[in-house]
Number of protein chains: 2
Amino acid sequence: MRISQAAKEETRERILERATVLFLSQGFETTTTRDIATAAGLAAGTLFNYFPSKETLAMSLVREALAEGIADYQRRHGGTEELAEDLFLLVSSGLRRLRPLRPFLGPVLERSLSPFCRKTTCPEGEEARLEHLTQVREILFRHGFVSTPDEVALTIYWSLYLGILAFWTGDETPQQEATRALIDYSLQMFVQTIAGNLPPTGAAHGN
Amino acid sequence: MRISQAAKEETRERILERATVLFLSQGFETTTTRDIATAAGLAAGTLFNYFPSKETLAMSLVREALAEGIADYQRRHGGTEELAEDLFLLVSSGLRRLRPLRPFLGPVLERSLSPFCRKTTCPEGEEARLEHLTQVREILFRHGFVSTPDEVALTIYWSLYLGILAFWTGDETPQQEATRALIDYSLQMFVQTIAGNLPPTGAAHGN
DNA sequence: GCAGCTATATGAGCACGCTCATTTTTATCT
DNA sequence: AGATAAAAATGAGCGTGCTCATATAGCTGC
């Protein structure tokens with residue numbers, strides 16, 4: 001068993017696929033790793049040759065979706081809009097890709113994107129965070145924030161973003177309009193602050 | 001075994017006390033519920049007559065600390081300061097009381113205060129959140145925000161607050177100065193936005 | 001003090017995520 | 001082909017948090 005790089009990738013995809021089905025039909029917590037392994041035609045232990053933990057498995061789905069969201073955003077929007085609008089499109093693109101997974105995302109995001117306890121957290125979550133923040137930085141740069149934006153500002157951005165995701169996972173309004181309002185408000189808040197002149201630490205300044 | 005209401009409370013306190021010691025010396029995840037039960041002189045299962053889950057047990061400690069923080073705040077500050085300053089004092093009071101537990105708070109807060117998945121979350125966490133937000137509402141009211149502040153605004157406040165807590169649990173700077181800066185920034189941001197006139201949903205307006 | 005009742009304590013046992021020694025499969029080299 | 005070594009699959013088994021049938025202790029009315 002040396003070359004079968006392709007076969008291995010295939011198995012990986014099959015696991016993710018079956019896992020998604022199970023998570024959607026019975027929820028994240030209720031689905032056992034044994035269930036997933038069986039559904040993918042593997043022994044219980046084999047699953048962990050592909051993913052170090054159940055959490056990481058689920059987070060792979062999330063990360064992939066968010067990455068596609070970023071790609072969508074880059075493809076469609078050159079960034080001619082206003083800053084807040086631009087960020088709104090980024091966030092929306094992510095949510096659109098995450099949409100099919102929404103029913104089971106609560107517990108997954110809680111464990112893997114939570115701002116707490118960066119050490120224990122699974123690598124996939126950390127990477128998703130970095131990928132998103134990189135894109136945000138790029139947008140800010142494009143809008144004239146030349147210096148690397150404040151560490152503090154980005155920390156706050158991530159807090160707001162998590163709040164949005166969290167709210168969205170439980171938003172029962174028809175077309176998730178409530179989430180839309182929250183995104184608007186959060187981003188306006190962020191942009192207004194970062195663009196203005198704030199006493200304490202001094203936000204990055206626009207042109 | 002009927003009356004011992006007082007005795008029961010005593011046992012509860014003993015559990016919390018021993019658990020704190022264990023959590024501090026070996027961390028939250030590493031400490032088993034069996035460890036705690038034994039340390040409190042109980043059988044493994046008895047622990048769960050007092051706390052429905054390990055998470056809830058830990059969260060009781062947090063909630064108590066935060067409640068004391070709020071009490072401290074109310075005792076010491078009539079609220080003569082500026083709004084942002086007032087909120088800063090509230091947050092600081094909480095952190096001061098939480099300080100002794102800091103070493104093991106990461107995983108605990110992650111699971112119990114996380115904005116995700118309100119359903120699964122333990123009741124203690126939800127209550128702590130409501131208690132804190134009630135106090136925030138009171139402060140806003142005192143500063144002239146007559147209408148109940150926007151649901152949206154409070155959701156955002158909580159996101160920011162969680163971000164602060166999260167950052168604080170991992171803050172390695174000498175006197176947690178970095179956290180101080182984050183609190184300043186976050187609250188300025190919040191106050192500035194809530195006081196100003198923000199297009200989308202319309203924040204509560206000051207006098 | 002002795003039944004009777006009920007609140008509490010007990011610990012065997014369950015299901016879970018995950019590990020690891022072992023077995024099986026597969027590619028490469030002669 | 002056969003031998004060899006590496007990669008991958010296996011499933012028994014471990015330590016968790018937590019449950020639940022059972023046992024025990026404490027109060028009440030006699």
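**Helix geometry and packing in a predicted model**

**Exercise 1.** Determine how far α8(B) is enclosed by the rest of the structure.

*Solution.* Of the 19 residues of α8(B), 17 are buried. The helix α8(B) is therefore largely enclosed by the rest of the structure.

**Exercise 2.** Describe how α5 (residues 83-98) and α9 (residues 177-195) of chain B cross.

*Solution.* First, the axes of the two helices come within 9 Å and cross at roughly 135 degrees. Next, angles over 145 degrees count as roughly antiparallel and 65 to 115 as roughly perpendicular; α5(B) and α9(B) are therefore oblique to each other. Their crossing is right-handed. On the α5(B) side, the contact is made by B:Leu83, B:Ala84, B:Leu87, B:Phe88 and B:Val91; α9(B) contributes B:Ile183, B:Leu187, B:Gln188 and B:Val191. Finally, these contact residues divide into eight nonpolar, one polar and no charged.

**Exercise 3.** Identify what the buried residues of α9 (residues 177-195) of chain A pack against.

*Solution.* The helix has 19 residues and reaches 27 Å from its first C-alpha to its last, close to the 27 Å expected. Its buried residues include A:Leu182, A:Tyr185, A:Met189 and A:Phe190. Within chain A, the buried residues of α9(A) pack against α5 and α8; in chain B, they pack against α8 and α9.

Note on methods
Residues numbered from 1 in each chain as written. Chains lettered and ligands numbered in written order. Predicted model: local features only at pLDDT ≥ 70, side-chain atom pairs only at ≥ 80, totals over all residues. Axes fitted to C-alpha atoms, helices over the stretch in contact; angles between N-to-C directions. Helix = DSSP H or I, 4+ residues; strand = E, 2+ residues; numbered from the N terminus. Parallel < 35°, antiparallel > 145°, perpendicular 65-115°, else oblique. Left-handed = near helix turned anticlockwise from the far one by under 90°. Contact = placed C-beta atoms within 7 Å. Nonpolar A, V, L, I, M, F, W, Y, C, P; charged D, E, K, R; others polar. Buried ≥ 20, exposed ≤ 12 C-beta atoms within 10 Å, placed from the backbone. Expected span 1.5 Å × (residues − 1).
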